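Keep the structure open while you read.

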Amino acid sequence: MKRTREIEKESEIKSAIEELSMLIKLKPTGDNHDRTTVHIPTKPFIYVCSLVIQVLDKIGPTMTVLRQDIDQNIQRLKMLCDSDPSMYSNLVEILKKEANEGGARKGASCSKASVWLARSLDFTVALLQRLVADPGQEMEKLVEESYNITLKPWHGWISSAAYKVALKLVPDNKTLINLLMPKDETYDTLKEDMQTLISLLVPFLEEIHSVLILYGLDKLKST
């Protein structure tokens, strides 16, 4: 995993592409149809989620609610992982352990944290897909559409109301694109990077969601 000072040298999108590409190269071979044997490295998963926070920061105050949720869930997973790196190196083992102990759906479990982190990545993918497909569309509409299909179905009225207010603070497309675009690079390069990141995140998330379904975590809702 990259150190913070190394991340700063390149865009968050490029860093995420490198991390996900490395995961694919290092992925153990095995029975991909057996969800119980899937290996999802915990630290790289946390790292990719932390990059999402940096992207959301560029959208501005609108994403404060989502950013705080992601950060809290990252810290929860990180604390467990740091307590015993070898035991908790595989996210699937964490989910399995909490499920067996009956605590997966209770309190501040790492299973619940994983669910919401995966959904936050779903939101990011949906937003990038729309930004690539229609960069001229109003940013508020792109964010709202992405939220409606990824996070809103799982949010209660309190969370939904907070997002509705936050949408009014979304920056315009040009501002966001300029913030996402590394210095001395063109929009075409940024677009290509976004497409690459989407192509890597989609199968990664499909695997994570299949494991969440296995442990009955895919229907969790918030207040």
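## What you're looking at

This is a predicted model, where local features need pLDDT of at least 70 and side-chain atom pairs count only at pLDDT 80 or more, while totals for chains, interfaces and linings use all residues. Residues are numbered from 1 along each chain as its sequence is written, and side-chain values use heavy atoms, with hydrogens and water left out.

On pLDDT (the predictor's confidence in each residue, from 0 to 100), the protein chain averages 86, and 90% of the residues score at least 70. Watch out for residues 1-9, though: the pLDDT there is below 50, and beyond near neighbours in sequence this stretch has 13 contacts in the model. Contact here means heavy atoms within 4.5 Å.

In soluble globular proteins, nonpolar side chains tend to be buried together. Here, the largest nonpolar core has 68 residues, and Phe45 and Phe123 have the most contacts inside it. At least two core residues come from each of α2 (12-26), α3 (42-59), α4 (64-83), α5 (91-101), α6 (110-133), α7 (139-150), α9 (173-180) and α10 (187-214). The top contributor is α6, with 12 residues.

Some terms: a nonpolar core is a set of buried Ala, Val, Leu, Ile, Met, Phe, Trp, Tyr and Cys residues joined through side-chain atoms within 4.5 Å. Buried means under 20% relative accessible area, exposed over 50%, and partly exposed in between (1.4 Å probe, protein chains only). Helices (H or I, at least four residues) and strands (E, at least two) are DSSP runs, numbered from the N terminus.

What is Phe45 in contact with, leaving aside its neighbours within four places in sequence? The list is Leu77, Leu91, Ser114, Leu117, Ala118, Leu121, Phe204 and Ile208.

## How α5 meets α6

Helices α5 and α6 pack at an angle of about 130 degrees, with their axes 9 Å apart. That makes α5 oblique to α6. On the α5 side, the contact is made by Leu91, Ile94, Leu95 and Glu98, and on the α6 side by Cys110, Ser111 and Ser114.

Angles under 35 degrees count as roughly parallel, over 145 as roughly antiparallel, 65 to 115 as roughly perpendicular and the rest as oblique.

## Two buried residues

Ser111 sits in helix α6. Is Ser111 buried or exposed? With a relative accessible area of 0%, Ser111 is buried. Leaving aside neighbours within four places in sequence, Ser111 is in contact with Leu95, Glu98, Ala104 and Leu217.

Over in helix α5 there's Val92, which is also buried at 0% relative accessible area. Val92 and Pro41 are 51 residues apart in sequence, and their C-alpha atoms are 8.4 Å apart in space. For Ser111 and Pro41, 70 residues apart along the chain, the C-alpha separation is 14 Å.

## Charged pairs

Side chains of opposite charge can pair when their charged atoms come close. A search of the whole structure finds 7 salt bridges, each a side-chain nitrogen of Lys or Arg within 4 Å of a carboxyl oxygen of Asp or Glu. One of them joins Asp193 and Lys14 (2.7 Å, N to O). Asp193 lies in helix α10 and Lys14 in helix α2, so this pair ties together parts that are 179 residues apart in sequence. Asp193 counts as buried, at 11% relative accessibility. Lys14, Glu185 and Asp193 are linked in a network of salt bridges.

Another bridge pairs Lys96 with Glu93, with the closest N and O atoms 3.4 Å apart. These two are 3 residues apart in helix α5, about one helical turn. Both are partly exposed: Lys96 has a relative accessible area of 24%, and Glu93 has 32%. In helix α7, Lys141 and Glu145 are 4 residues apart, about one turn of the helix, and their closest N and O atoms are 3.2 Å apart in a salt bridge.

Check Asp184, in the loop between α9 and α10. Its phi is near 70 degrees, a positive value in a residue other than glycine. Asp184 counts as exposed, at 78% relative accessibility.

Note on methods:
Axes fitted to C-alpha atoms, helices over the stretch in contact; angles between N-to-C directions.
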